[in-house]
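We will go stop by stop, and at each one you will find something to pick and something to look for.

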Amino acid sequence: MPALLIKNGLAVDPVRGEARLDLLLEGGRVARLSPRIPPPRGAAVFDAAGLWVFPGFIDVHVHAREPGAEGSETIATAAEAAAAGGVTSVLLMPNTSPAMAAPALLRRYAARAAAAPVNVYFSAAATSGRAGAAPAPLAALKRAGARAFTDDGAALPPRLLPELIRRAAALGVPLLDHPEDFALTGRGVCHPRAAARLGLPPIPDRAEWLAVLRGALAAAGAGPLHLQHLSLAASLAALRLAKRAGWPVTGETCPHYFALSERDIRRDDANFKMKPPLRSEADRLAVVKALADGTLDIIATDHAPHAAALKAGGFRRAPFGVVGLETLAPLCVTELALKRAVTRPRLAALLSGNPARLLGLRRKGSLAPGSDADVTVLDPRRARPVPPLFASRSANSPFVGRRLAGWPVLTVVGGRVVHAAR
Ligand SMILES: [Zn+2]
């Protein structure tokens, strides 16, 4: 593979900050990062003048639907969507059918995913069969390649939470929780105000924040816990206090929670149906603040593809979830960076540095020499509407038609260009 020199871009690093620098990728690693690097003989040169050069984005929350729902997505199409979206590494969720709860299954799909254009990591179910009754064989799942444990789609059972936290901590594998009290959610499908407007059953806020409180308290006594897709001011207040107390909790949110609120749901359109649901405008503003002040650690997509026929049933019948891999970058650029709500280095931490740390990927999450040559280059200047079709097999996005800037123009994984667009 020839060396690749990315010239004249604004290099953005979570730790070193930002500067106009050239970036030389060689042998799968970052070889140099400094002003005016002369192109080595035979190197490909990419002129990134006016563009932003980030360490490759790492999305710790992706549903690739394989095995079980290949009509909506496969590992191969999710990886293509990731490359198109500037995402160089993904962590797949285990709520497939069958669930990623057995070492042999994990090995089989991990071997298959090795051919993907981006780094594909697998999480495994935290409870046996993802059924919530007893812990899964965590040590064996780690040996089979699991990078994280979670029952995402379902919450970790409060009764098992302290034990799961202790076991995952002993193995040095992150434990991720989908914080939701399903008894409180019941048959709810959206925020109470949208529900009243559209005549639908509501999801009460406390279904999330009660689970966040339980998780934070359990982590205080036992070890690290990562809280997925946080969406409420109350959850973020709890996370802020837990961190202030020194409890080992981290949190993620998703672009739809800082780019949309329940007010955007104008009709019975299931492309606005996800879990947790779109919240109030005050909650949306609290998410933006928590991204800026360090309360939230990670932006992940919760990329949840569903075939069009499944989403056609309206809010009451359609499954929860929206696609996100291909709109992640422009939503972060348009809604956070260009509005000066979040700095670019902080964005690099949220999209790359902190996810790398969560997953223990020591050579990722930075542009420092010696790092893996995973790079995401964005164009902040040109805005265009979100197209109705994606590299993903599904198109269930609430953002179709929305004008955004910050689209990925170059995605590099291990020194190899896996997506280029100008
Ligand atoms: Zn979830």
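Where does His-229 lie? Select it and you will land in the loop between β11 and α8. Helices (H or I, at least four residues) and strands (E, at least two) are DSSP runs here, numbered from the N terminus.

Before moving on, a word on what you are looking at. This is a predicted model, in which local features need pLDDT of at least 70 and side-chain atom pairs count only at pLDDT 80 or more, while totals for chains, interfaces and linings use all residues. Residues are numbered from 1 along each chain as its sequence is written, and side-chain values use heavy atoms, with hydrogens and water left out.

**Stop 1**

For comparison, most residues other than glycine have a negative phi.

The cut-offs are under 20% for buried and over 50% for exposed, with partly exposed in between (1.4 Å probe, protein chains only).

**Stop 2: α4 against α7**

Next, select residues 161-171 (α4) and 206-222 (α7). These helices pack at an angle of about 50°, with their axes 9 Å apart. Axes are lines fitted to C-alpha atoms, for helices over the stretch in contact, and angles run from 0 to 180 degrees between N-to-C directions. The pair is therefore oblique; angles under 35 degrees count as roughly parallel, over 145 as roughly antiparallel, 65 to 115 as roughly perpendicular and the rest as oblique.

Show side chains to see who meets whom: Leu-161, Pro-162, Ile-165 and Arg-166 from α4 face Arg-214, Gly-215, Ala-218, Ala-219 and Ala-222 from α7. Contact means heavy atoms within 4.5 Å. By class, this contact has 6 nonpolar, 1 polar and 2 charged residues. Nonpolar covers Ala, Val, Leu, Ile, Met, Phe, Trp, Tyr, Cys and Pro, charged covers Asp, Glu, Lys and Arg, and the others, Gly among them, are polar.

While in α7, click Gly-221. At 72% relative accessibility, Gly-221 is exposed.

**Stop 3: α8 against α10**

Select α8 again, together with α10 (residues 281-293). Their axes come within 8 Å and cross at roughly 30°, which makes the two helices roughly parallel. On the α8 side the contact uses Ala-233, Leu-236 and Arg-240; on the α10 side, Asp-283, Ala-286, Val-287, Lys-289, Ala-290 and Asp-293. The class count is 5 nonpolar, no polar and 4 charged residues.

**Stop 4: buried places**

Which part of helix α13 (residues 328-337) is buried? Colour the helix by accessibility: 10 of its 10 residues are buried, including Leu-328, Cys-332, Thr-334 and Glu-335.

Then jump to Val-53 in strand β5 (residues 52-55). Val-53 is buried, at 3% relative accessible area.

**Stop 5**

Zoom in on Glu-66 and Pro-67, joined by a cis peptide bond with omega about 5°. Pro-67 is in the loop between β6 (57-62) and α1 (75-84). A cis bond also runs from Lys-275 to Pro-276, with omega near -10°; find Pro-276 in the loop between α9 (255-259) and α10.

Finish at Asn-8 in strand β1 (residues 4-13). Asn-8 has a positive phi of about 70° although it is not a glycine, and at 26% relative accessibility it counts as partly exposed.
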